[in-house]
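Work through these exercises with the model open. Try each task before you read its solution.

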Amino acid sequence: MKLAIIGLGKMGGNMARRLIRGGHEVVGYTLRPEPTKQLAKEEGLIPAFSLEEVIENLPGRRVVWVMVPAGKPTQSTVEALSDLLNQDDIIIDGGNSNYKETMQRAEMMKEKGIFYIDVGTSGGVWGLKEGYSMMVGGENKAVEFIQPILETLAPGVETGWGHVGPSGAGHFVKMVHNGIEYGLMQAYAEGFEIMRAKEQLGLDLHQISEIWRFGSVIRSWLLDLTAIALSENPDLDGIKGWVADSGEGRWTVFESIDLDVPAPVITQALQARFVSRQEESFAAKILAAMRNQFGGHAVKSE
């Protein structure tokens, strides 16, 4: 099957590699020409250096997979593509778009006769080797048409991917997936910090992570990755405890509020990321000042 990928960053580039190695013809375009040229040389990517050139290289019914940042970059790319595509062509949004924006884009494309499929994609830098987990939203007949692509990208033909519902459903499920990820990561982080603080026991955190990886009820891929990190850098020297959030955790918390569904773990995990970015917490200063005022407890000077 022949398709195009717009956006050849780490994930988009690895997806292109996996598809080419799986027997698909892939046209690639990204804003910087270097990744396009590199993939063309190393993998046999069909290079394109404009959206117009992408379309010229796609005969018949066109399938364009968009892997650019959520928000304005996705919106502008989709709008530009919609002016170049024909009726029954397919746009796939494989980024982490907000599902509400996805639903709006799907309606816009429907008016032009273009199918819009949202694919929440998980797998990160390991996807090239392990395959990607994909949560797919969109109309049945369009999803059926791109099924060979999904089967190639997935860990297995029948595993790791599924059509979960109408337009927006794929990105909604991926949003919740990432919210859960926040909670899991935070629980591991807190557990390892507790063990590290118990200095008199001299615990080897890497050894413990390896023990837990096999047979334990808390074994997981995240734990596997933690074990790798601790093996490479036991004290995590040079790593600043500053943790970003890409949006999905926030959106999950917003949805829990809108739906009156309690989600304390995911909410606290998100808040912990906010705390990690504070060089100096004014709230902590207030707490110290209050303790000093009501109980005469000592305060530390800067």
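**Exercise 1.** What kind of unit do strand 4, helix 4 and strand 5 make?

Solution. This is a predicted model: local features need pLDDT of at least 70, side-chain atom pairs count only at pLDDT 80 or more, and totals for chains, interfaces and linings use all residues. Residues are numbered from 1 along each chain as its sequence is written, and side-chain values use heavy atoms, with hydrogens and water left out.

Step 1. Find the elements. Helices (H or I, at least four residues) and strands (E, at least two) are DSSP runs, numbered from the N terminus. Helix 4 spans residues 72-82.
Step 2. Check the pairing. Two strands pair if DSSP finds at least two bridges between them. Strand 4 (residues 63-66) and strand 5 pair in the parallel sense over four bridges. V63 stands opposite I90 in strand 5.
Step 3. Name the unit. Strand 4, helix 4 and strand 5 form a right-handed β-α-β unit. Right-handed means that, with the strands pointing away from the viewer, the path from the first strand over the helix to the second runs clockwise.

**Exercise 2.** Follow the chain from strand 5 to strand 6.

Solution. Step 1. Strand 5, helix 5 (residues 99-111) and strand 6 make a right-handed β-α-β unit.
Step 2. Strand 5 pairs with strand 6 (residues 115-122) in the parallel sense, over four bridges. The bridge partner of I90 in strand 6 is F115.

**Exercise 3.** Are the residues on the two faces of strand 5 buried or exposed?

Solution. Step 1. Set the cut-offs: buried is under 20% relative accessible area, exposed over 50%, partly exposed in between (1.4 Å probe, protein chains only).
Step 2. Take one side: I90 and I92 are buried.
Step 3. Take the other: I91 and D93 are buried too.

**Exercise 4.** How do helix 4 and helix 5 pack?

Solution. Step 1. Their axes come within 11 Å and cross at roughly 10°. Axes are lines fitted to C-alpha atoms, for helices over the stretch in contact, and angles run from 0 to 180 degrees between N-to-C directions.
Step 2. Helix 4 and helix 5 are therefore roughly parallel to each other (angles under 35 degrees).
Step 3. T74, Q75, V78, E79 and S82 in helix 4 meet R105, M108 and M109 in helix 5. Contact means heavy atoms within 4.5 Å.

**Exercise 5.** Which order do the strands of the sheet have?

Solution. Step 1. The open sheet of eight strands runs 3-2-1-4-5-6-7-8, with mixed pairing.
Step 2. Strand 3 (46-47) and strand 8 (161-165) are the edge strands, each pairing on one side only.

Notes. Angles under 35 degrees count as roughly parallel, over 145 as roughly antiparallel, 65 to 115 as roughly perpendicular and the rest as oblique.
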